[in-house]
Amino acid sequence: MFTPAVAVVVGYVLLIGNPWLNQELTLAVSDVESAIRLTNVLFSYPRWHVDVDRVGPFLFWFANLRTVLFVALAVAGLPRVSRWVSGSAGGLGRFVTTVGVTTLSAATAGLASALVAVTVLTTDDSLPFIDGARPEEFFLGQLGSSATFGVVFGVVLAALAAGQSRAPTEEERRATPPKSFW
């Protein structure tokens with residue numbers, strides 16, 4: 001159940017998604033222009049909150065639902081990667097499948113939480129986030145940030161999984177005796 005990739009996902013969400021640490025990290029990277037926007041996506045995606053009065057009910061429920069769905073889908077999918085990829089596919093197959101599972105988990109979590117946010121949580125608190133006349137912009141923004149996070153974080157997880165599954169360098173070879181000329 002707890003493969004190294006699952007441990008990294010859970011540890012990353014608990015550490016980087018932490019509301020106290022995340023606030024400091026977001027302030028540190030928000031001043032920099034486009035060179036570090038990708039880092040900002042990595043720091044802001046797995047965010048979870050503990051105080052509804054501090055962030056408001058919309059952001060509290062939306063961010064927590066997105067994070068819980070991402071972790072649940074990633075924890076359900078990542079341990080199965082080795083069963084889905086045959087041994088003949090090698091490290092590249094495992095790499096691509098790990099990136100795909102992580103991206104699919106993040107995109108599904110982002111779209112599902114956006115759907116719940118638009119249908120259930122739309123109130124006056126959500127006006128800074130969702131334009132009532134154009135909710136599709138909110139969906140597209142969530143899809144874009146979720147897919148970006150999934151691909152970038154998936155590459156890190158896939159590199160970890162590929163490093164863990166390398167075959168030993170000295171494989172046993174079957175000894176074949178030399179053929180006789182007689």
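A pocket is an open set of points, on a 1 Å grid over the protein atoms alone, where a 1.4 Å probe fits, with protein on both sides within 12 Å along at least five of seven lines; its lining residues have an atom within 4 Å of a point. The structure is a predicted model, in which local features need pLDDT of at least 70 and side-chain atom pairs count only at pLDDT 80 or more, while totals for chains, interfaces and linings use all residues. Residues are numbered from 1 along each chain as its sequence is written, and side-chain values use heavy atoms, with hydrogens and water left out.

**Figure 1. The largest pocket and its lining.** Fifteen residues line the largest pocket, and R47, F62, R66, Q142 and S145 lie nearest its centre. Its volume is about 270 Å³, taken as the space filled by probe spheres set on grid points that are joined across faces, edges and corners. Helices α3 (37-44), α5 and α8 each supply at least two lining residues; helices here are DSSP runs (H or I, at least four residues) numbered from the N terminus. The largest share of the lining, five residues, comes from α5.

**Figure 2. The largest nonpolar core.** A nonpolar core is a set of buried Ala, Val, Leu, Ile, Met, Phe, Trp, Tyr and Cys residues joined through side-chain atoms within 4.5 Å; buried means under 20% relative accessible area, exposed over 50%, and partly exposed in between (1.4 Å probe, protein chains only). The largest such core has 20 residues, of which V9, Y45, F70, L78, F149, F153 and L157 touch the most other members. At least two core residues come from each of α1 (4-16), α5 (57-77), α7 (90-119) and α8 (135-164), and α1 gives the most, with six. Another core, of six residues, lies apart from it and includes F58, A117, I130 and F138.

Figure 3. The 13 residues of α1 reach 17 Å from first C-alpha to last, close to the 18 Å expected at 1.5 Å a residue, where the expected span is 1.5 Å times one less than the number of residues. Its buried residues are A5, V6, V9, Y12, V13 and I16. Because these cover an arc of only 140° around the axis, they lie on the same side of α1; the arc is that of the directions from the helix axis to the C-beta atoms. L14 and L15, on the other side, are exposed.

**Figure 4. Surroundings of S146.** S146 lies in helix α8 and counts as buried because its relative accessibility is 0%. Not counting residues up to four places away in sequence, S146 touches Y45, A106, A107 and G110, contact meaning heavy atoms within 4.5 Å.
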